[in-house]
2 protein chains.
Amino acid sequence: LLVLILAESALETVPKEIATHPAVKKHARRRGKKPLQIILDRSYHHRAMLNLPDSEKRGRPDIVHFSLLSALGTPLAKEKLLEIYVHTIAGYVIYVNPEVRLPRNYLRFIGLMEQLFIHGKVPPESPNPLIRAEKKTLKELMDEINPEYTLIFTREGKIQSLENAISKLTDKTKAAVIVGGFPHGNFSEETLKLADEAVCIDPETLEAWTVTARIIYEYERLIWLPERRLKIGGLNDRS
Amino acid sequence: LLVLILAESALETVPKEIATHPAVKKHARRRGKKPLQIILDRSYHHRAMLNLPDSEKRGRPDIVHFSLLSALGTPLAKEKLLEIYVHTIAGYVIYVNPEVRLPRNYLRFIGLMEQLFIHGKVPPESPNPLIRAEKKTLKELMDEINPEYTLIFTREGKIQSLENAISKLTDKTKAAVIVGGFPHGNFSEETLKLADEAVCIDPETLEAWTVTARIIYEYERLIWLPERRLKIGGLNDRS
């Protein structure tokens with residue numbers, strides 16, 4: 001089983017400090033919502049965000065959207081061999097059922113996330129929600145998941161090929177990968193401490209959705225999932 | 001060199017047949033544009049699209065958006081070893097400079113595409129546009145590119161692992177892959193005829209952006225690009 005955790009993700013509702021900023025109020029009014037109920041988005045709130053702490057790491061919900069779309073719908077998810085969690089910069093953990101069909105349309109995704117932060121789950125009345133959110137630290141989440149081995153992907157990590165890194169996970173019953181769900185900057189020290197190994201797979205920063213897609217494909221490849229799903233023998237030696 | 005072609009893509013302006021439909025007119029008015037100048041989008045024009053020919057293959061610009069975001073910004077693109085073209089269902093070819101920084105925000109991407117279909121290029125006044133569009137068939141594009149070998153990815157193709165398929169491309173000076181830029185249905189017969197080989201890499205249909213991301217990563221892997229960029233020796237035997 002592979003556990004994917006998007007950590008310190010730039011997905012949150014508008015924080016109190018900027019709820020009265022004109023750009024935020026205007027955008028909220030246009031959407032017919034209260035400022036504190038809309039998702040912080042640099043595309044619309046850039047000026048309001050200038051004085052926000054950790055500003056460069058925040059307000060990019062599209063990163064979570066694309067990364068989830070890159071993970072859901074993969075053969076690994078279809079085989080129920082993938083678990084997905086989103087940890088947010090504001091200290092929430094979002095539990096994503098790997099069978100959820102996430103909206104492809106960005107505005108519908110944003111609407112769904114707004115509903116999630118109001119009700120704590122989506123659909124709001126369901127006893128088995130497809131997505132739910134809880135106030136929780138990444139440390140608490142990791143204790144709950146309790147993976148045998150955890151890799152975190154960062155430019156500061158040990159240089160190695162992705163194949164080499166993922167090969168350390170495939171013999172584990174439950175292994176985890178942590179990918180940053182933010183646009184710039186580094187993981188906090190607390191986050192880095194939660195992984196067994198920090199990995200660098202390219203000299204330049206790659207997009208979160210690119211890293212996510214590659215991790216899942218490499219894991220599938222190393223457990224021979226394509227061959228098993230296609231019912232063909234392996235033709236190449238990967239020993 | 002790898003050439004990526006998103007073919008028969010569900011990206012087009014609203015077609016004449018439905019330009020006067022109330023749902024389309026309302027959406028165009030809200031955006032302050034003429035109906036024929038807005039991008040067809042199933043999220044907003046679903047009811048108007050019901051009687052459109054090939055309706056199930058159309059109105060999904062998000063597929064092109066995500067697929068391009070999955071291709072741009074990869075190490076292969078950064079090394080200038082990737083060329084990208086989008087062929088659309090309405091018979092246009094979009095030339096994408098692999099160094100373009102595409103908007104992550106969906107509405108900005110849509111705005112950019114609307115500008116592209118009006119002016120034929122973006123930025124409109126540039127002698128070296130980052131994106132340009134021409135009325136052109138996929139056959140004409142393939143004659144222009146003239147790749148040594150072309151794979152097309154479809155459930156109807158020959159069952160094989162992606163690794164096996166891509167290994168046929170890496171010794172070519174210029175090889176091409178065709179991925180469907182539409183949500184449902186099959187490639188037309190004319191499109192299928194343009195490839196040397198049709199490939200099936202999973203028993204279920206995968207999203208275009210997932211196939212795109214995997215092709216690029218597998219190609220990088222097989223030409224040892226990660227090791228070369230990281231300046232490390234290969235540790236695994238892939239002979």
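1. What share of the 239 residues of chain A counts as buried? The figure is 58%, where buried means under 20% relative accessible area, with a 1.4 Å probe and protein chains only.

2. This is a predicted model, in which local features need pLDDT of at least 70 and side-chain atom pairs count only at pLDDT 80 or more, while totals for chains, interfaces and linings use all residues. Residues are numbered from 1 along each chain as its sequence is written, chains are lettered from A and ligands numbered from 1 in the order written, and side-chain values use heavy atoms, without hydrogens and water.

3. Chain A holds ten helices and eight strands (DSSP runs numbered from the N terminus: H or I of at least four residues for helices, E of at least two for strands). The C-alpha atoms of chain A fill a box of roughly 60 × 40 × 30 Å along the principal axes.

4. In chain A, 73% of the contacts between residues at least 6 apart in sequence join residues at least 24 apart; contact means heavy atoms within 4.5 Å.

5. Thr74(A) lies in the loop between helix 3 (61–71) and helix 4 (75–78) of chain A. Thr74(A) counts as buried because its relative accessibility is 1%. Beyond residues up to four places away in sequence, Thr74(A) touches Leu82(A), Ile216(A) and Glu220(A), and also Thr210(B) and Arg214(B).

6. Leaving aside neighbours within four places in sequence, the contacts of Phe153(B) include Leu162(B), Ile166(B), Val177(B), Phe187(B) and Ile215(B).

Conventions
Buried means under 20% relative accessible area, exposed over 50%, partly exposed in between (1.4 Å probe, protein chains only).
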